[in-house]
Amino acid sequence: MTATREPILSVRGLEKHFPIKGGGLIKRTVGAVRAVDGLDLDLYPGEVLGLVGESGCGKSTTGRAILNLQPATGGSVVFQGREIVGLGRKEMRPLRRDIQIVFQDPYASLNPRLPVFDIVAEPLIIHGLTKDEAELRERVRTLVETVGLNPEHTNRYPAEFSGGQRQRIGIARALALEPKVLVLDEPVSALDVSIQAGVINLLEDLKERLGLSYLFIAHDLSVVRHISDRVAVMYLGKIIEVAPRDELFDRPTHPYTQALLSAIPLPDPRLERSRQRIIITGDVPSPANPPSGCRFRTRCQKFAGELTDTQREKCLTVEPLLESRGEGHTSACHYAEATKVL
Amino acid sequence: MSAPADPLVVADDAAVSDHPGQKAPSAVVVRGRRSLVLRRFRRRRGAMVALGVLVLMFVGAFLGPVIYQAITGWTYSTQDYTAFLQPPSPDHWFGTTQIGQDVFAQTMRGLQKSLIIGLLVALISTGLAAVVGACAGYFGGWVDRALMWGVDLLLVIPSFLVVAIISPAFQSAGWLVLVFLIAIFAWMITARIVRGMTLSLKEREFVLAARYSGVSSAGIIFRHLIPNMSSLLIIDATIAVATAIIAETGLSYFGFGVQPPDVSLGNLIASGTRSAFTFPWLFLFAGGLLVATTLAVSVIGDALRDALDPASSRAGGTK
Amino acid sequence: MGRFLLKRLANYVVLVVVATTLAYIVASLALNPRSTYEGRNPPPPAAVVEQQLTAYGVNDKDPLLGRYADWIGGVVLHGDFGQTVRGQDINDQLGSRALVSLRLLVLGSIIGAVVGVLAGVVSAIKKYKVTDRAITAYSFFFIATPVFFTAVLLKFGALSVNDAVGSTVLYYTGYETPNLQAGFWGHVADQVGHLILPTLSIALGQIAYFSRYQRNAMLDVMNSDFLRTAEAKGLTRRKALYKHGLRTALIPMATLLAYSFGTLAVGATFTEKIFGWHGMGEWLVDSITSQDINVVATVTLFTAVFILISGFLADVIYAVLDPRVRV
């Protein structure tokens with residue numbers, strides 16, 4: 001995937017801060033949870049960008065901020081050449097046809113009181129995309145078939161479907177408006193491994209056939225490895241490494257990425273037992289009070305073990321920016337070093 | 001769809017699709033919620049009995065007097081000067097009062113009034129509670145605070161008192177004013193409960209999805225929030241019918257609601273209470289019908305709640 | 001928790017003031033005390049009527065706000081609730097009537113709530129068995145039955161009991177036998193005999209409501225995951241229920257308790273009228289028919305204060321039960 005094309009989605013310095021209110025009778029803002037704190041990424045047409053990170057690093061918030069579902073508190077999101085941050089509901093409406101979201105929880109993402117037909121039809125009705133009842137039925141039928149379900153069952157309620165099937169319904173709903181970009185917020189995390197495979201295959205198939213781009217948010221590295229073209233790693237509200245998939249898994253340069261990858265279990269027991277594990281110590285710092293300089297330094301194995309004191313000074317005071325380490329590969333570390341972990 | 005070579009895809013859909021690769025027949029049959037709910041309701045015998053009782057009440061109240069007049073010739077306003085304080089007989093099915101009025105005709109007329117009042121009040125108050133509660137919960141902020149303050153205010157106002165004082169002044173306007181007065185004071189607790197449920201519902205992902213699709217606030221409230229509270233609203237509406245009927249009879253009992261010569265179960269029970277021990281038919285029929293009606297309504301409400309809740313196992317689902 | 005309760009208390013006080021004010025205004029506008037004088041034969045001279053009405057603070061020719069200020073001033077500063085439409089001092093009757101009503105209300109609500117909650121819990125635990133069906137049938141019946149009907153039915157029952165026993169065990173008029181010559185315990189027994197029926201009239205309905213709601217709350221808790229976890233940890237079903245489940249299930253009951261006092265007060269009014277108890281409720285009904293503004297306002301104030309106190313107690317219970325409130 002060369003980077004000479006124009007990105008369809010371009011995020012610069014995205015910020016989403018949640019105010020912490022304290023004080024007695026009169027509530028004042030005493031601080032902020034900086035869930036997303038200066039995030040940059042690009043999504044190119046036709047590719048899958050995987051966004052990984054620990055729980056609580058701000059992945060879901062990023063997804064929702066990009067969509068303006070939770071309005072960002074700062075930064076810029078340019079989608080198809082238009083700035084999204086700051087747009088009102090009315091202005092967002094036409095744009096939302098081109099970028100859609102698939103949620104994580106198949107049990108909560110469908111209205112339990114509507115039959116599946118209504119759930120998939122709703123976006124079509126709201127945006128007035130069909131002329132009459134017959135066309136609506138036809139479109140819904142096609143959508144349901146596309147995700148691998150039987151259209152005869154659309155008069156049933158979500159409660160009568162399994163988790164995997166419900167997720168497919170969610171995907172069908174997302175596809176109703178024929179978007180160009182899908183933001184998938186941990187779409188398979190709530191499913192069994194075997195069902196995950198089915199849904200992932202469906203997603204890949206759809207991407208090919210409909211020419212979609214995905215922002216695939218997940219915490220499961222093996223899933224990300226399977227479906228992504230490029231991968232971005234997030235820590236405490238910022239992107240700390242981006243690379244093409246194979247490049248990232250072969251030559252991670254950021255200590256955090258290296259630690260993450262070293263935690264992936266290997267199928268070969270002999271290899272698994274003999275490998276060198278990188279253990280990160282400590283807890284994730286509070287997003288309301290991120291560490292100065294490099295955010296990862298409080299848990300960084302490099303910081304703790306390999307650096308001299310003068311080198312550590314830099315980590316303490318200067319925040320590392322994303323710098324190029326090769327073709328399409330950037331990471332934010334003062335002492336980045338490519339290491340083979342897997 | 002690509003060929004079902006992936007066994008996992010087939011396995012996932014095996015329960016749903018028999019022929020994963022084939023094109024389904026072109027007609028999509030949308031059966032809709034209503035028939036599913038009705039089917040579940042019909043399976044509860046107790047509820048069907050209660051429904052029967054309620055239908056009987058309605059028929060009796062509205063057709064009864066007509067039939068009765070054809071058979072015996074008595075209406076609620078005529079008096080039989082040859083029969084004062086007679087116990088039930090073929091001529092006067094429920095007996096007569098001190099001044100010779102036919103108790104059956106009177107009771108049926110009173111039942112009419114009470115039934116209509118009960119239904120109207122329940123509809124108005126539940127509707128009001130649903131809208132106010134959902135708006136308060138969904139919009140939050142000052143809308144929420146203002147609405148809830150209003151709710152608290154109405155809760156504290158002694159409703160019985162206010163209605164008792166005001167309604168005689170509106171006597172000339174008829175009993176519809178009574179309906180509104182009772183309804184105004186009946187919706188508050190439900191509104192609070194609705195608000196609570198809205199608060200938890202609105203963060204659910206399907207609401208987010210709908211908001212994202214561009215559904216308007218009104219659409220979200222009426223299509224996504226309120227239907228998911230329907231079981232709560234239904235039970236509440238039915239309890240409201242019962243409470244409304246009781247409220248009206250209570251007011252009429254003291255002379256504040258429906259006034260004579262207009263008849264309601266309330267003032268019938270009131271005039272019957274005085275002689276309840278010696279001439280029980282003056283009291284028992286009206287009271288008995290009252291209890292039967294409210295009981296039937298409550299049982300129906302309970303069954304409806306089970307029928308509407310897709311997850312309830314008592315409902316006997318479609319699986 | 002302290003702050004939570006203080007806020008609630010302040011809220012209640014405001015509501016009491018508003019309720020009383022509204023009652024006074026509505027009563028002043030809708031009732032017509034003048035009519036008590038106009039109906040008399042021979043009619044008293046106009047000047048005397050005006051003077052009397054003004055003296056009692058109920059003259060509709062005097063400005064409303066002025067009358068209200070006078071009355072409220074009297075209440076707040078002197079504890080004087082004014083005079084009835086016939087010139088009697090309200091304060092005289094206030095004490096005894098309040099006690100009479102309170103006896104009924106407190107007993108009725110405590111019995112209703114405690115027995116109701118227990119019945120609901122039992123009903124949920126023995127779901128669908130005979131006990132549950134019986135309790136459910138009972139609740140349905142008594143929710144559907146208005147207090148005045150229950151009261152008369154109870155009277156019927158009392159008569160048959162009295163006949164069977166041979167003497168008057170259950171009284172259905174008044175709250176004590178006048179001129180009773182008996183020792184202390186004799187008096188107590190007498191009072192209890194008079195209390196049973198009216199209290200039952202109120203309590204039976206309350207039990208029905210509470211048991212129904214408690215049953216639902218209990219069922220929700222019983223099916224919950226945290227209870228299963230408790231059992232998985234090794235607690236017996238019963239211990240898990242009582243230690244973990246009950247507390248959670250009781251929380252909505254505290255709110256229900258608070259809101260039930262309004263209906264309780266109304267129910268008590270019926271009961272007082274039917275059993276001839278001279279309490280606040282009876283006073284209220286009588287005062288509406290006799291167009292007595294000051295009494296209406298006074299009784300409203302007392303009812304509002306009663307609801308306030310009980311609502312506040314319910315909030316305390318709620319705060320004790322629900323640790324989330326103690327933030």
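**View 1. Nonpolar surface patch on chain B of the predicted model**. Four residues of the nonpolar patch come from α3(B), the element that gives the most to it. The patch consists of B:Met48, B:Leu51, B:Val55, B:Val59, B:Leu63, B:Val66, B:Ile67, B:Ile71 and B:Trp93, and together these have about 770 Å² of accessible area. Two or more residues each are given by α3 (45–62) and α4 (64–72) of chain B. B:Leu63 sits in the loop between α3 and α4 of chain B. With a relative accessibility of 48%, B:Leu63 is classed as partly exposed, because exposed requires over 50%.

View 2. Residues 48–71 of chain B are 96% helix and 0% strand, with end C-alpha atoms 30 Å apart. For residues 277–300 of chain B, the content is 83% helix and 0% strand, and the end C-alpha atoms are 33 Å apart.

**View 3. A:Asn68, a residue with positive phi**. Most residues other than glycine have a negative phi. The phi of A:Asn68 is near 65°. This residue, A:Asn68, belongs to the loop between α1 (59–66) and β4 (74–79) of chain A. A:Asn68 counts as buried because its relative accessibility is 9%, where buried means under 20%.

**View 4. A:Leu236, a non-glycine residue with positive phi**. Phi is about 50° at A:Leu236, which lies in the loop between β9 (230–235) and β10 (238–244) of chain A. A:Leu236 has 3% relative accessibility and therefore counts as buried.

Technical notes: Residues numbered from 1 in each chain as written. Chains lettered and ligands numbered in written order. Predicted model: local features only at pLDDT ≥ 70, side-chain atom pairs only at ≥ 80, totals over all residues. Heavy atoms only, no water. Buried < 20%, exposed > 50% of the residue type's maximum accessible area, 1.4 Å probe, protein only. Patch = residues over 30% accessible without salt bridge, like charges linked within 9 Å, V, L, I, M, F, W, Y side chains within 5 Å. Areas by Shrake-Rupley, 256 points an atom, 1.4 Å probe, with all protein chains shown as cover. Salt bridge = Lys/Arg side-chain N within 4 Å of Asp/Glu carboxyl O.
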